[in-house]
Structures are given as C-alpha cells and as structure tokens.
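Please keep the model open in a viewer and follow the selections below in order.

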Amino acid sequence: MSNGINFAFLDEYAKREIRRSVIKAICIPGYQVPYSSREMPMGRGFGTGGLQLTLALIGVTDTVKVIDQGSDDSVNAVNLRKFIEMTCPGIATTTRLQEATLIQSRHRIPEQALRADQILVLQVPYPDALVIVEPSEDKRKVMHGEADYSRLLVKLYEDIVKFDEITISHRYPTRINDHYIIDPSPIPRYDVPKLHNSKALILFGAGREKKIYAVPPHCPAEPLAFDDVPFRIEDFTDSRGERRACKLCGSQESFLDEFIDEQGERVYQCSDSDYCEQQQELAHG
Amino acid sequence: MDKILEVKGLSQVYGPGCDLCFTSTGPEFETNICPHCGSIVALHDLNFDLYKGEILGIMGESGSGKSTAVKCLYFDQIPYSGSALFFDETEQKRLFELNPAQRRSLRNHRFGMVYQNANLGLNFDISAGGNIAERLLMSQVMNYREIRERARELLARTEVLTERMDELPKNFSGGMQQRVQIAKALATRPPLLFLDEVTTGLDLSVQAKILDLILEIQSELNTAMIVVTHDLGVIRLLAGRTLVMKYGRVIERGLTDQILEDPQHAYTQQLVASAL
C-alpha cells in the first residue's frame, strides 16, 4: 500500500495467528482461545477484539456492516466503519444486513436472520461467564475444562430466591454444544436464542482480555435455566396486555429501545435501525 | 461387613523430602522435622480399613497428622506416597490414581466433609440454602423446586430454622454454621463422611447436640465416618474404633473402649490420664 500500511492494518503474521485461533475456536465450540491481541490505534474496550477479527477475515470482495447497539450511525459504529474503509481499500460497506458478508456488532445480533454465507463478529468486554463467581483465571480454566458450572447455577438459584426470577439482563450465560458455557457478550436476552443453530458463523473477540471464541453454524446454544424455571426473553407487553410497537415502523416483533421524548412521554423504537428502515420502506412501498 | 475404604502406607511430607526423612522422625525421635533436609513428615505409613456405617476416630495432639490424613483422602492435598482404595457401589476406585475430574466427582457425590472452620466448607457469600443447592446442582439436580425442597428438608433435619435458609451463613452462630455444613455434606447422601474437629470451639451444649446429630445420621443413613479430633469425649461418644497418632505415626489402635480403659502406649496413657 502506498501509505505504508498493510491491507487491513494488521500485518500478515498477526492475521494468520488470529485465523488460526478462529479455526481452533470453531473446532471447540465455546472454548475461549487465547491470542496475542495486538495494539490497535484505539483504546482497548472500544471494540479492538471484534475489529481484529474483522480485519483478519476481510478480503477485497467483502461487504462490511458495523453495528453499535443495533444502530449503524452511533459513534462506535461510524468510527470503526471509517477505520475499516480507510485501511481496507477496495472493500464495500453497507448498512443493509442482506448485502453484508461480514457484520461486526456490539451488544446486538441483527433482528433478521443471518444467512450461511455471512459471518457475525461480536465485540466482547468480558469473555468469561465464570468471572462473577471465580476471580482466578487458573481456577476458571479448570472449571471450564471439567464443565463445573454449579457455582454459576447457584447464582441463578439465589436470584430466584431473592427476586422470583433470573435477573440477568444481558451477558446471559449460555451453554454451547452441551459443554462450555460462554458469556455471549452484552447482547440482551432477546438475542440469546438466535445463537442456537444459527446458520451464520458467530465469532466473539475480546481485545482487552485476549480471547476468541465461536458459536459455529448449526451448533446448539442453550441459555442456563432450571427445568421448572425456564429461560425467558424480555417482555414488551404494555399494561393493556398488548405487545408494544415501534414508534417509527410499527413493528411488533422487534427488540425495542425505550426513550423519553420531548413531551416527556415514554416512546419505543426498534433497536435495530436497519431493520426499522426496511420495515418503513416496505410500508411505504 | 462390607469394606468401604482401605488405606495403605499413606504418607505426607511438606518440603523437599530425602531418603532419611522417615527413618529419622517419629515418636521415638520426638519430632516430625527431618534433621537432614528440614522437611516436615506430617504423616507416615498410615494403614486402616473402614467398613460401611462405621465411625473411626483419629485422635492426637495438634500437628500429629490427623487432619492431614483426611485432607489427603478428601483430595484437599496430594499425598507424598501411599494408596487408598474406595469401594463404591459397584466398582473399586484407587483414590490417588484418579484424574482431577474423577476426583471432583467423588468429592461431590460420594464424599462429604465437615471442617472445623465453617468458612472452609461453606461459601459465606451465598445463602445457607444456596450452599446446599450448590452440591445438589453439582450432581445434576436441575429442578428449582426440588432443590428448594431438598435444601429445606436437610436444614430441618440438622435443626437449622428453615425460615433462615435464605440468610447468609456469616450471620449464623458457630453451632448453626456447623449444622449448615453438615446439611451441605449430607446433601448427596454420601456413603463416606469426613469430620475434622467439628465440635472444637463450640460451647458444650451445642457440642452435645451436634454429636447427637452425627450419631442419628449414622444410624439413619448408615454413613461411614472418619472423625478427627483431639477431644477424648468426642472419641468416646462417637467412635467404635480409634487410632492414636503422634508425630505423624499411629502409635496405638484398637476398640475405643479398650484404648480409653487400658491404654498401652505411654503417650496414650498420658492423654487419657490428663483428660479424666
């Protein structure tokens, strides 16, 4: 490249290492593969894990979509997209899910189903679901190896004792392929079932914690729960018992964000801006 | 009678260890520190058999190696040498040849441990019920209501007020904490229970109740137990057979009554005389 930066910013050795880690992660679904997270020209915690995955996987024929909490236009998404455009000449970017081949996202899985030819990369702040019950990483590794998750389940038990339900709102511990339990990044509960038997490959990158893990296509993903207290997703039913609708597109099927508008009213709107726009286009022909 | 545990030549050394460790320590030398390498011989050549439903007492002063013995058997420590054979329902297991996952499984399902210090056996950050739930969850009981029910039953059995099952054990008195520990140890109905100084530090009336509870459990569930204590009263009340230890060796063994009424070894004589 003329400005002296390699295509996709990372040097080829770094990319190769990340790809090797990705392959291992796919082979052992849910296992956190350590890798040498490189310095990126942005602070760790700003999506460097996801970005390194994207940059290691991207080729000139790819079309990239970057999402931040469902939106293509928020700061994190815009900056990452600009960075990818700048360092990967020849690639295309889009906001439309259907056009994208590589999707990097923070805190949401897109509303519409992913296809087998798409890869979803999620940015992860805390890769280990066991971190809430065991501070030592050495011990956590042994616990994962032996599938010793009873202490995590005790946490759910204590939740039900105290609040009559499981109060984990995001980062819901999910068992992959009947063995490893992962932290599926801070996606809402609403998105957790989308991991199960997904057609697309879902990759998780934690830049600060230096871990990569994966939910391969068609892999079982089961949120932790008790036999008689099943997992449930967010409830968008209003006081009259009706499912709330998006203020903009009217959809009653999407994950909604709650706002207070200028009149002080509580309003709801699709969290996935691309989905919302497509619904509006459909409605207006 | 059916054997449940067979321990042979169990030894534990803290430190580098040398060839002369075992021949230069013990009661005859009045020390368990090896003069050649400075290692501590905590336990040497412990042999015993334990039968189903039996209570075996291990008695001795501080540092005599009695706790080390149960810690090795409960996999809290890896022994220096020796073997232990556990007769599970259908198969026999060589305890010190198991891999970590098998060891954990035995600890969780087939063994129970009650420590002197409740914070070793209990997680003080979760409720009393949660502590019991943890053991049930380890054995794949995944039904919330069933877990609640079993935890309540166990706490009622060990005379902990069930209204307090959702409280943190750190708010409990020492006696209550011991009861919760016992309830936790019993959660999976283990055939083998280790009791390490369970009544030390409790007042006499609470001690008596805990000992009663242990005896009741033994007769109800036919649990085999190894009771480690320095308290002759506990030994007299609970144990059918007793080992007396000093400087990591067994210096006397036999029926408890026999040992207490007619001690043979000078140390045991001194121990019995000083207590009575």
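**An enclosed helix in chain A**

In this predicted model, begin by selecting helix 2 of chain A, residues 48-57: 10 of its 10 residues are buried, so the helix is largely enclosed by the rest of the structure. Displayed individually, these buried residues are Thr48(A), Gly49(A), Gly50(A), Leu51(A), Gln52(A), Leu53(A), Thr54(A), Leu55(A), Ala56(A) and Leu57(A).

**The nonpolar cores**

In soluble globular proteins, nonpolar side chains tend to be buried together. Here the largest nonpolar core contains 135 residues. Select Leu203(A), Leu195(B) and Ile226(B), the residues with the most contacts inside that core. Next, centre the view on Leu195(B). Which residues does Leu195(B) touch, not counting those up to four places away in sequence? They are Val114(B), Ile214(B), Met225(B), Ile226(B), Val227(B) and Val228(B). Then move to a second, separate core of seven residues, among them Tyr190(A), Cys246(A), Leu256(A) and Cys276(A).

**The two domains of chain B**

Now colour chain B by domain. Domain 1 comprises 3-110 + 192-202 + 217-275, and domain 2 comprises 118-189. A distance of 27 Å separates the C-alpha centres of domain 1 and domain 2 of chain B. To their contact, domain 1 of chain B contributes eight residues and domain 2 of chain B contributes 10 residues.

Select helix 2 (100-109) and helix 7 (204-221) of chain B: these are the elements that give two or more residues to the side of domain 1 that touches domain 2. Finally, colour the residues on that side of domain 1 of chain B by type: five are nonpolar, three are polar and none is charged.

Definitions and conventions
Residues are numbered from 1 along each chain as its sequence is written. Chains are lettered from A and ligands numbered from 1 in the order in which they are written. This is a predicted model: local features need pLDDT of at least 70, side-chain atom pairs count only at pLDDT 80 or more; totals for chains, interfaces and linings use all residues. Domain bounds come from an automatic or database domain assignment. Two residues are in contact if their C-beta atoms, placed from the backbone, lie within 7 Å. Helices (H or I, at least four residues) and strands (E, at least two) are DSSP runs, numbered from the N terminus. Ala, Val, Leu, Ile, Met, Phe, Trp, Tyr, Cys and Pro count as nonpolar, Asp, Glu, Lys and Arg as charged, and the others, Gly among them, as polar. A residue is buried if 20 or more other C-beta atoms lie within 10 Å of its own, exposed if 12 or fewer, and partly exposed in between; C-beta atoms are placed from the backbone. A nonpolar core is a set of buried Ala, Val, Leu, Ile, Met, Phe, Trp, Tyr and Cys residues joined through C-beta atoms within 7 Å.
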